[in-house]
Amino acid sequence: MRHIPEDELHAYLDQGLSRSQCVEIESHLAACASCQAARDGIAALRDRTTALLSKLAPPRSFPPEFESLRRRAASEVSARRRRAHLAAWAASLVAAVGLGWTASFLLRPHEPVGLPAAGQVATLPVSTRVARPADDRPARRDTATIQPSRRRAAVKAVAAAALPRVIPPPALELSSIDIPRSDVGFELDGMWRTMSWAGAQAEAGDQLPHIDGLPVVQVQVQTSEQGKQPLMVVAQQLASGEVIRTIEGPTSDVSHLLARRAMSDPMPTMTPGDSAPRDAVPSDTDHADRTMAMQRGDRMLVITGALPSDSLLAMIRRLNAEMRSK
Amino acid sequence: MTDELEQLYQTTYTAVVRFLYRKVWDAERAEDLAQEVFVRALTHRPEKPRAWVFAVAANLARDEARAAVRRKRHLTLLKADPVAQPTVEPAADVLVEHDERVASVQQALSTLTPRDREILLLWDAGLSYPEIATQTGLALGAVGTTLARARRRLIDAHDRQHTIEGSHAAHS
C-alpha cells in the first residue's frame, strides 16, 4: 500500500481534491498511523503559514461605498463611449461613401427594392449623391440583373462589412489615476496642518528641518500615529525668490510623499545619482525642482527646490550635521 | 439593486487589499489599487469575477513595481554619514516601516520564488485550487505541490531567522 505523498496531503487539507480522491485518502488514513502523523504535521505547518501571513496585513481598511465605485466606473464608461462615438462617426462617414459606391453597382437609381437595406444606414442619402457619377459604368447592367433577394443580401453584407468598428479605448494607464501635480503648491495627501513657525518649533523642537537664516514661508505638519515625531515640510524662500522645502519624517511617509510627486510628474525632475553625467540632465530642468534625500535611521531628510544638485547636496549635508549636533 | 459584483466587493475587498499590500507594501496604495480593480470589474463585467479580480490585482501590482523601479532611478539617496560618498540605496530603505515580527515574515516571504509566492498569496486570499490553476497557468495537480513547497520554505526561512536572532541575543 503506497503512502500518501506530502503534496496530496496539502491538497487534501486545502479541499483541492475530487470527491473520489478524498475517499481514497481517507480510507488510507484510517488504516495508516504514519500517514495520520504526516497529515497532522502538515495541518500544523498549514496553520502556521496562515498565522504568519496574517501578520502581513495592512493596518486598516475602509472600503468605500460600492456606489462610489459604480459612479467612477460609469464616468469611465461614458468617457470611453464619447471616444467610441467619435471613432464611430468618422468610420460611418467613410462607410457611407464606400457603401454609396458599392450600392451604385447593385441598384438602379430608382429601384425601390434596395430601400429596406438602405434604411440600415441612415447616411445613405449622402452616399447616393456620391454614387451618381458611377451610374453609367458598364458594370451596372450586369449587377442589375441579380435576383432581388440576392441583391438585398449583397447590400446587407456590404452594410455589415461597412458598419463602423468600435475602436477599443486604450487600457487605463496607472498614471492617469494619479492627481496631476499642481504648479503652485507642494502636493500633499493625507491629513495636514499648516502651523506657525513658533507652534511648529514647540512641537518638533530641534528636529524641525530648516536652513538657518532664510525666511520661512510655510510649515506643514502631518502627525503620525503613536505619538511619534511628525512628518514636517518647511518651505523657505531664497533671496532669488525660489522656494526650497526641507522635509523630515519617517522614511516610509517621506518616500511615499516623494513617490506621489514623482508619479504625478511626467518629467524626471529628481536628480539622478551622482554617477550620472551632469549634462544628462535636460536643460529645461533649470526651473524644475530637484530632490536630495538622506536616510537617517528610520527617518528621512529631504531637500527639494529649483537649485543645482551640488547646492542641494551641500545644504542637506550641513543640515544633517546641524541636526545631529543638537 | 445589489449585483454579483457588489456581493463580491463586500466579501473580498479586504482580501484584495491584503493581497496587494503584500506586493506593494503600502497600505494606502493597496487600497487605491483595489478600488481600481473593482472599477475595472464594473466596466468589464467579467464572467468569473473572483478569479478575474485577483488576476487584475496581480497585474496592477506588477505595473506598480515597475513604476517604483523607474521612480527610484530618479531619487538620490544618501547615507546618513555626512562625509560618506552618496550612493543610490536599494529598495529596502523605502519599504514601509513595521515592527520586527512583521519584518521577519516579510523577509521570509521574500526568499520564496516569485511563482511560489504568488500561489501562496492567492491561496491565502481565498482562491480555490482550480481558480489558482486557471489564473497562473499551473496544472491543477501542481497547485498542491507548489503550495507544499511554498509553505515549507516560508516556515523554514522564518524559523532560520529566529534561530539567528536567538543566538545574537544570547551573545549580547
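A nonpolar core is a set of buried Ala, Val, Leu, Ile, Met, Phe, Trp, Tyr and Cys residues joined through C-beta atoms within 7 Å. Buried means that 20 or more other C-beta atoms lie within 10 Å of a residue's own, exposed means 12 or fewer, and partly exposed falls in between, with C-beta atoms placed from the backbone.

This is a predicted model, in which local features need pLDDT of at least 70 and side-chain atom pairs count only at pLDDT 80 or more, while totals for chains, interfaces and linings use all residues. Residues are numbered from 1 along each chain as its sequence is written, and chains are lettered from A and ligands numbered from 1 in the order in which they are written.

**The cores**

The largest nonpolar core has 47 residues. B:Val16, B:Leu20, B:Ala34, B:Val37 and B:Ala57 have the most contacts inside it. Helix H2 of chain B, residues 27-44, gives the largest share of this core, 9 residues. Another core, of 27 residues, lies apart from it and includes A:Val219, A:Ala293, A:Met300 and A:Ile316.

Contact means C-beta atoms, placed from the backbone, within 7 Å. Leaving out residues up to four places away in sequence, B:Ala57 touches B:Val16, B:Phe19, B:Leu20, B:Leu33, B:Ala34 and B:Val37.

**Chain A**

Chain A has 11 helices and 6 strands. Helices (H or I, at least four residues) and strands (E, at least two) are DSSP runs, numbered from the N terminus. Of the 326 residues in chain A, 27% are buried.

Helix H2 of chain A spans residues 19-31.

Strand S4 of chain A, residues 243-250, contrasts in setting. S4(A) is largely enclosed by the rest of the structure because 7 of its 8 residues are buried. Two strands pair if DSSP finds at least two bridges between them.

| Strand paired with S4(A) | Residues | Bridges | Direction |
|---|---|---|---|
| S3(A) | 231-237 | 6 bridges | antiparallel |
| S6(A) | 299-305 | 6 bridges | antiparallel |

A:Val243 in S4(A) is the bridge partner of A:Gln237. The hairpin of S3(A) and S4(A) has 5 residues between the strands. There, A:Gly241 takes a positive phi near 100°. Towards S6(A), A:Thr246 stands opposite A:Ile303.

**A helix in chain B**

Helix H5 of chain B covers residues 114-124. Its buried residues are B:Glu118, B:Ile119, B:Leu120, B:Leu121, B:Leu122 and B:Trp123. B:Gly126 follows H5(B), with a positive phi near 105°.

Technical notes: Contact = placed C-beta atoms within 7 Å. Expected span 1.5 Å × (residues − 1).
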